[in-house]
Amino acid sequence: MSAMRPLRNLREGRLERSLSLLTAAGALITAAEIYLEHDRASFGNRVMWWPVVLGPVGAAAGVAGFASERAAHTVLPFASALIIANGLQGTWLHVRGIARKPGGWEMARYNIELGPPLFAPLLVTMVGGMGLLAAVLRRER
């Protein structure tokens with residue numbers, strides 16, 4: 001393998017395997033962080049478990065996408081779409097959680113700092129987006 005091959009793959013948009021692995025790693029890291037944050041909130045709502053469960057699902061799909069081109073075009077986009085949907089739902093729930101704090105959006109700066117993290121669910125959505133992107137890119141040579 002020449003030293004120029006990774007650069008050529010990048011230039012030609014051949015990143016399916018690499019981005020699949022990054023999706024797997026991102027899914028595990030975000031699931032661990034979400035677990036810690038939701039545990040701090042005592043998992044007050046059952047829905048708080050969904051991103052924790054979807055993390056290992058996304059990781060398994062990412063590893064499968066790395067190992068198999070077929071999985072990269074079937075399992076990975078399906079799991080990634082679930083992660084994106086859950087991230088968008090989480091964004092809505094976090095916005096609603098901030099609104100329900102005393103003072104709501106009238107005290108936005110205070111409630112954003114001390115309420116549910118406003119942009120955290122969008123990071124989950126981004127991990128799902130990486131999985132979808134991996135599914136449409138070409139496989140490395």
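Colleague: Why is Glu-37 called partly exposed?

Modeller: The relative accessibility of Glu-37 is 29%. With a 1.4 Å probe and protein chains only, buried means under 20% relative accessible area, exposed means over 50%, and partly exposed lies in between; Glu-37 therefore counts as partly exposed. This is a predicted model, in which local features need pLDDT of at least 70, side-chain atom pairs count only at pLDDT 80 or more, and totals for chains, interfaces and linings use all residues. Side-chain values use heavy atoms, with hydrogens and water left out, and residues are numbered from 1 along each chain as its sequence is written.

Colleague: What makes Glu-37 and Arg-40 a salt bridge?

Modeller: A salt bridge requires a side-chain nitrogen of Lys or Arg within 4 Å of a carboxyl oxygen of Asp or Glu. The closest N and O atoms of Glu-37 and Arg-40 are 3.0 Å apart, so the pair meets the definition. Both residues lie in helix H2, three residues apart, about one turn of the helix. Helices are DSSP runs (H or I, at least four residues), numbered from the N terminus.

Colleague: Is Arg-40 buried or exposed, and on what value does that rest?

Modeller: Arg-40 has a relative accessible area of 67%, and is therefore exposed.

Colleague: How many salt bridges does this rule give?

Modeller: The count comes to three. One of them joins Glu-16 to Arg-139, with the closest N and O atoms 2.3 Å apart. Glu-16 lies in helix H2 (residues 16-40) and Arg-139 in the segment after helix H7 (120-136), so this pair ties together parts that are 123 residues apart in sequence. Both Glu-16 and Arg-139 are buried.

Colleague: What is the separation of Arg-109 and Glu-113 along helix H6?

Modeller: Arg-109 and Glu-113 are four residues apart in helix H6 (residues 108-114), and are therefore separated by about one helical turn. Their closest N and O atoms are 3.5 Å apart, and the two form a salt bridge. Arg-109, at 69% relative accessible area, is exposed, and Glu-113 is exposed at 56%.

Colleague: Which residues form the nonpolar patch on the surface?

Modeller: The patch consists of Tyr-35, Leu-36, Trp-49, Trp-50, Val-53 and Val-57, with about 590 Å² of accessible area together. H2 and helix H3 (50-67) are the elements that give two or more residues to this patch, and H3 gives the most, with three. Patch residues have over 30% relative accessible area and no salt bridge; nonpolar side chains (Val, Leu, Ile, Met, Phe, Trp, Tyr) are joined within 5 Å, and like charges within 9 Å. Accessible areas come from the Shrake-Rupley method with a 1.4 Å probe.

Colleague: How do you know that Trp-50 is partly exposed?

Modeller: Trp-50, which lies in helix H3, has a relative accessibility of 46%, and therefore counts as partly exposed.
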